[in-house]
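Biologist: Could you take me closely through one part of this model, the open sheet in one of the chains, and then through the contact that this chain makes with its partner?

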Amino acid sequence: MPEIESFEDELAGVLRALSPHTPYAEVMAESLAGTGLRYDRQSRSLEYRPRLQGAVFRAWDGQGWIEAATSQLGVESLGPLRDSLLHRLATRKGAARPPGAPAEGRAEATTRGRRPVADWTLEARVELAKTLHGWGMAVPGILNAVVNLGDFHDERLFLSTVGARRLQRIDRVVGSVMTVAMENGKVEFDFETLGGTGGVEIVEALTEEVVRFRAQEAVALLHAKAAPSGKMTVLLDPGTAGTFAHESFGHGTEADQLLRDRSYLKPLLGQQLGPEEITIVDDGSRLGDWGSIFFDDEGFPSQRTVLVDKGRFVEVLHDRESAEVMGRRPTGNCRRADFLSRPFVRMTNTFVEPSDWSLEELLEEAKDGVLLQSCTSGIEDPLGGQMQIKVKKGHRIEGGRITEVLPSMALSGRVLDVLRSVRGVGRAADFLVQPGFCGKGHSDILPAGTGGTYVLTEAIVGTA
Amino acid sequence: MSDGLTTAQLVADRLRGHLPAPWEVYGERTRRFEVHLSGDRVEMVRGPIEIAGFGLRIFRPAGDRLGIGFASSSDLSDASVALAVKNAEATAPWARSAAARIELPGARSGPGPSVETVDPRLRADPEETLLGLAHELLAGVVARGDVRPSFGSVGGALSEISLVNSEGLAERWDRSSLDLEFAVKAFGGPEGTPPGEYWVTRRYGAVPRAGVREEVADWCRRAADVRRAKPPPPGVENILFPVGVLADVLPTVVGYRLGGHAAVRKIAPPLGTTVASPSVTISDDGLLPLAHASAPFDDEGSVHRRTPLLEAGRVVGTLTDRVHAAALDAPSTGNGHRGSELYRYGCFVAPGVSASTLVVEAGSGGTDAELAEAAGEGVWLDQLGYAFPDPTTSAFGGEIRLGYRIHQGRIGEPVRGGTIGGFTMGPAETPPLLASVAGLGSQAQLVGRLQAPTFLVKGFPLATQS
């Protein structure tokens, strides 16, 4: 597949054709590739991810944006696409300029791994998967150990009619082991997932110790008693705290939701929402994290944006339109899932910043409650401010100590109540950012990192 | 959609004569339009969004098993096809499947099953049809004074699907799809009370024949109910699950646990096992007219059909694609499907086993009001935040976005908050959903990949603040 830059002249030619008919137009061209491997006791599937190339053009018609996209970048496809946009622009609905100032200038960036993905042979991948699988299967009671190893290569070229140019090349690597136990028809599992931007070194932290621990937890879950339910003290592990930061809080800070009056946080900007312990950040510029990007899809650089600063809600995430309306600057958070998808304000890496409580201190402070672990999912309620998070397992906390294992649970409650009830936040040594995929719109799914450290608070727990 | 060579034929013509059998090419050409709404205005019109691509599968020995190499691309050039062959050949020896052999379908002697898969309005003028639908959505809300449109989108696609293999199969069929997302906000009431929002997502094979006016009116009422909903009472254990909630759980869980992928891994309940109440009978149907998943064939070229899965609560069938059929030494049930959360377009994903449309036979419990009478006390669920079905364990659970309290046998006041969940099937400390069905409504409805009546489930606890 030709490099995306090789189409630059043709893409620029379409922009030149549009330019007399619109105050602004841009194109985002993309090239996607990668490899995925799944290995379990019954089968292995190893495949190259779809090699996709295409482009989406966006132009301002005087009242709103129009877009058209194609997966064929030759002249024979770009010509009709250009013509369809020109046809629409011919019936422009007004003379207003597009909202916000556009990005300008030229820049390029590429992720660099200590062990480049390009050098990761098929044989080496299979060998690693086999080893990880073997460690899991060696634990008595394990029925299956499912290993997934993969990489995604994403190149994006952005051009605009004001001369902006951005080129970014990002490699993402992810690895997971899911250990499955079964007894008397009951099936349970636990899992470990690591991912980031960079090279193969990212999955090297899937050690034998980690895999065996997950396998032992899966077996223990077979005998887990029913989880308690009701409102109680909860200690969120770093992954669960990250999902809270992203789903329960972060989606309400996407400024397009504020413009639509769809964020319960809108009237609270500037107010103290929680204790000084709690700081929540979105940062797409962190090297090596899964959701990191160099530029967003309007051409603005990614950055660190503090959303909650020592408990005070201080900022939201912007694209050029929301930044103009709210008198702020774009924060580098306008993202498309791919060239076939529309842009939205999206998070990058969203996390709870560490404080200084050790796990032991948090457990002592909790006394009795539930430690929530192995978060699997969450969903936002940006208007209502309710939260819903699901974890695969947990443990009871009794007398300040971790005791029996508990099966999957769902967390709910009002986000603001959970924030106000924060009593302690863990330390930097326990900090991590995990890989995940975030959806917005009908199926616009893109990589987003979530993370943090332990958070002690109160929430409603139920079976899930 | 086209009169010339299909995408699969274009690729297959470059393989014949030098790529050893067996192999298969799946091609797709899709043209999509979208209308995006913000408040009461059209925020953005997108389209045409055109994508074409192919997925190549080759089958080679991998020790004592079948190795399956897969590669796909949106680049249809000679160089790209050659690279796909190279990549698929490179991965096949490492990609050991559950089967030792495969039998691909050959050329058909007669036409395949007849099923309606294309909405004529979407075929004739997709952009105008979608704009009309968008305006109908807005009009249904704007006419009321106490609710406003919040946001939404309608997207429609026309796809030409093509399939060619080394055994002489050459099929093509067209398919339309429609996805809709719409949210309505209700206002009014005491100062400081936040607006209530009712948010729906729907996937169809066609624009609803009766339009959406009636549904929009219902959504507006629900938005007002969200606003005044209170937390559910503690101790609730009788739940009415309508098809809209079940559609987020059953196709994923039942489609996996009663499928070949789970069977070869020994986590499927064996044939003859009782996993549900005697009133529950479920089959899989790939031929329901204009259902989202319907087509004459599955994505490997096997004929779609109706496959019984549960009869009176007992397992009687297993869904398979060609690979898992071979592994289980049984014929394919035509459940080899492509598409995933990450890749919306099927040509970029190798097929796997999944349900087409699950059909749950209606019972004799009557209307939802009659089921509520039978329940006595409980909650009628309207929406969960999202049920997050886990196909491996069959667990599901979510927060109640909107429900209605059932008190003294009547559906009454709206409730919101708390969580509900458990296991869908299998032994568990808390009785699983399907085994706890105490009544089935008399009328089934189609939502997404499920056609089912309302379920009355007893002994399914709801967790609340208390």
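Modeller: In strand β10 of chain B, B:Arg314 is the bridge partner of B:Glu311, and in this predicted model strand β10(B) and strand β9 of chain B, residues 306-311, run antiparallel and are joined by 2 bridges. Both strands belong to an open sheet of 6 strands in chain B, ordered β10-β9-β8-β13-β20-β19, in which the pairing is mixed. Its edge strands, each pairing on one side only, are β10 (314-315) and β19 (445-447) of chain B. Across β9, β13 (357-360) and β20 (450-452) of chain B lies helix α7 of that chain, residues 250-257, which runs at about 95° to β13(B).

Turning to the partner chain, 88 residues of chain B are in contact with 82 residues of chain A, and the two chains bury about 7100 Å² between them, with 52% of that area on carbon and sulfur atoms. On the chain B side, the residues that lose the most area to chain A are B:Trp94, B:Arg265 and B:Phe388, which together make up 10% of what that side buries. Between the two chains there are 6 salt bridges, including one in which the side chains of A:Arg262 and B:Glu197 meet at 2.5 Å, N to O. Strand β2 of chain B, residues 41-62, supplies 11 residues, the largest share of the side of chain B that touches chain A, and that side divides into 38 nonpolar, 26 polar and 24 charged residues. Strand β2(B) also runs parallel to strand β4 of chain A, residues 65-70, to which 5 bridges join it, and within β2(B) the residue opposite A:Trp65 is B:Met44.

Technical notes. Residues are numbered from 1 along each chain as its sequence is written. Chains are lettered from A and ligands numbered from 1 in the order in which they are written. This is a predicted model: local features need pLDDT of at least 70, side-chain atom pairs count only at pLDDT 80 or more; totals for chains, interfaces and linings use all residues. Side-chain values use heavy atoms; hydrogens and water are left out. Two strands pair if DSSP finds at least two bridges between them. Helices (H or I, at least four residues) and strands (E, at least two) are DSSP runs, numbered from the N terminus. Contact means heavy atoms within 4.5 Å. Axes are lines fitted to C-alpha atoms, for helices over the stretch in contact, and angles run from 0 to 180 degrees between N-to-C directions. Buried area is the accessible area (1.4 Å probe) that two parts lose on being put together, summed over both. A salt bridge is a side-chain nitrogen of Lys or Arg within 4 Å of a carboxyl oxygen of Asp or Glu. Ala, Val, Leu, Ile, Met, Phe, Trp, Tyr, Cys and Pro count as nonpolar, Asp, Glu, Lys and Arg as charged, and the others, Gly among them, as polar.
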